[in-house]
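Have the structure open as you read.

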Amino acid sequence: MFGRLGVMLMKEFIELKRDRWAMFRLIVPLLVQLFAFGYAATFTVTRVSTVILDLDQSQASRALISHFTATGIFDIVDVATDQRQITRDLNQGTATLAIVIHARFAANLANGKEAPLQVIVDGTNSNTALIALGYVSQIVALFQEDEAAHLLPASAGASAAPGTLTLSLQYQPWFNAGLSDRWFFIPGIIGTLILVQIVGLTAFAVVREREVGTLEQILVSPISSFEFILGKTVPFFLIGLADVALISIVGILWFGVPFVGNPFLMLLGSSLFLLSVLGLGLLLSTFSQTQQQAFALNFFLLNPFFILSGFAFPIAAMPRILQWFTYLNPLRYFLVVIRALFLKGVGFWTLFPDFAAMFLLGTGALAISMMRFSKSLD
Amino acid sequence: MSAAPPSVLTEGLTKIFGRFTAVDHIDLSIATGEVMGFIGPNGAGKSTTIRMLCGLLRPSAGRAVVAGFDVARKPEAVRAHIGYMSQKFSLYGDLTVRENLRFFGGLYSVRQSEMAERMRFAITMAGLEGRENALVNTLAGGWKQRLALGCAILHRPPVLFLDEPTSGVEPEARRRFWDLIHDLAAGGVTILVSTHYMDEAEYCNRVALIDRGRLAAIGTPSELRGHALGGALFELACSPLGAALAALHRAPGVIEANVFGDRLHVLLADASAAASLHTLLAAANVRAEAPRPIAPSLEDAFVRLVTRTRRPEAAS
């Protein structure tokens, strides 16, 4: 004797099995995105296209330029002969950074006066600009040290600047000793991909039955909305868990992200996250009569969920009102959980508030969906 | 027979969507084993009524009892005792014939021990022997329709609601489908079937005409044909038609006279008045043959019924 839930599940799995492209659609986009984001999502700035205008043409100015080229961070794309050329390069986007070494640079340097060096940066991407400027000041500082070492022996080593105090700051990052931003992003990508895929799958699966008319046929049967919803979501729950496992393993083996946490906590966290994501998908489906509506709603929701999750932009830096919104975002909690489990290896009680939040969001969304669902034909 | 309670009973059944009254105080009583036809223009409220009877929609007013259960209070019990075929074909196209049957049998908790026999029955009934493992998507319209009926009766429901089950199916398959309906009714199943094919109304024991959410008329097809017109219909070959029409409109006992091709259709309050028509027309210088009694089609009756029920509304 099959229970009604049993026949629902069997039907879902037969349909999934019969859909030849299902496996392809479920797995390939995930892997493609994991690889694309895995390589693309980075804060590191390299290959800064740079234009140089050397008005001094001295040994010192050439030494400074070679300091820049030696790092490998700056690509000298153009050597300008006047200011206008620099303006043109920056306007056209040929160069992001311009270094102008003014006349009397070497002379002033030798005399201990201010040596005129100008750096212009394209601030369109403020993040890249800031990081590039950081590199510039490091290189200039290094150049200064080298020049000083050059000059000092000549000007009597005895007077070794008694007032100068040298501080050496030693920093020690925890959990991600190499400060690799890939370690930061890969776990986040797992959460984001699961959110996008499972919300879409769930919403579309239910709305499709509504559109085709099979939903009505099911609703006139004695099946309860609880049985129907369970039958509809359990397969996606299992698919979601398999997805988490698959992309975590690729993240660990291919991208070399360490996993130091407890796998069972990961299973618990993923299950709670999937609960809330399935709830979200179902809720979306109860607001959509057609797949087109579901698509529009999905589109409307997913970007805010992504941006207001802490995936890339720190929640603490957001305006207060947007911070409140993030409390309704299951991805916010899962990102905390998955990053903590990958990199920190914290225990259950540390993550308990996030677990609880996902559980509440999930059960809340499911309860509302079920209530709306039983009246959905009215 | 008259002592048995009706299988389907509605009293003042009403459904209001916002400011639109889709179903307006419908009273129906369908006896066990009866085939009741539901006829009416699109948007008349047929589907809405059927959906209320299935427990898919909550009535705004009035009540409905199906197979002994109140649809508003005991929708779950109603669902276990009815079969339903919706307007849209709604089986799973990516499942085979057998898988669909097993799925719907499972939803209705058909016992495993009876499942094989019921499935065999449904497959035979639909004429799908040898195609049990075919994907439903690959079947032609008529087979799909019969399979849908098979799925709807797997749990042997005493009441069956069929919402335009034959729309989009070729005539041959439609006839076969109606044979199945009559077989089921002979076995004691009560059937409410909506259709917009007038010829199908003739296959029903009784017909309910729905117009603008109201029950415009109800009766056997022959009752509707006869009584609905409120008189006897005659065909009259005569000329000139204009003068004849004018004379007839003035004559007492003539309810209505209309041009039908090169002849007139004359509706008389009393059939015996036909004999006097000849003298009447002769007086108006009209040459006429003897009036010939004709049987009105159901379509005639419906057109007339609908115009009659709408008229007071137009006057107000």
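Which residue of chain B forms a salt bridge with A:R18? The partner is B:E99, with the closest N and O atoms 2.5 Å apart. A salt bridge here is a side-chain nitrogen of Lys or Arg within 4 Å of a carboxyl oxygen of Asp or Glu, and the rule finds two of them across the interface of chain A and chain B.

Some ground rules: this is a predicted model, where local features need pLDDT of at least 70, side-chain atom pairs count only at pLDDT 80 or more, and totals for chains, interfaces and linings use all residues. Residues are numbered from 1 along each chain as its sequence is written, chains are lettered from A in the order in which they are written, and side-chain values use heavy atoms, with hydrogens and water left out.

**The interface**

On the chain A side, 27 residues are in contact (heavy atoms within 4.5 Å) with 30 residues of chain B. Together the two chains bury about 2,700 Å², 58% of it on carbon and sulfur atoms; that's the accessible area (1.4 Å probe) lost on putting the two parts together, summed over both. There are also 11 residue pairs in polar contact, both at pLDDT 80 or more. Such a contact is a pair of N or O atoms within 3.5 Å; within protein, one must be able to donate a hydrogen and the other to accept it, and residues adjacent in sequence count only if both atoms are side-chain atoms.

On chain A, helix 1 (4-18), helix 7 (181-212) and helix 8 (214-219) each give two or more residues to the side touching chain B. Helix 1 gives the most, with eight residues. Helices are DSSP runs (H or I, at least four residues) numbered from the N terminus.

**The pockets**

A pocket is an open set of points on a 1 Å grid over the protein atoms alone, where a 1.4 Å probe fits, with protein on both sides within 12 Å along at least five of seven lines; lining residues have an atom within 4 Å of a point. Volume is the space filled by probe spheres set on the points, which are joined across faces, edges and corners.

| Largest | about 880 Å³ | helix 7 of chain A, 10 residues |

Among the 24 residues lining the second largest pocket, A:E216, B:S47, B:R51, B:Q87 and B:K88 are the closest to its centre.
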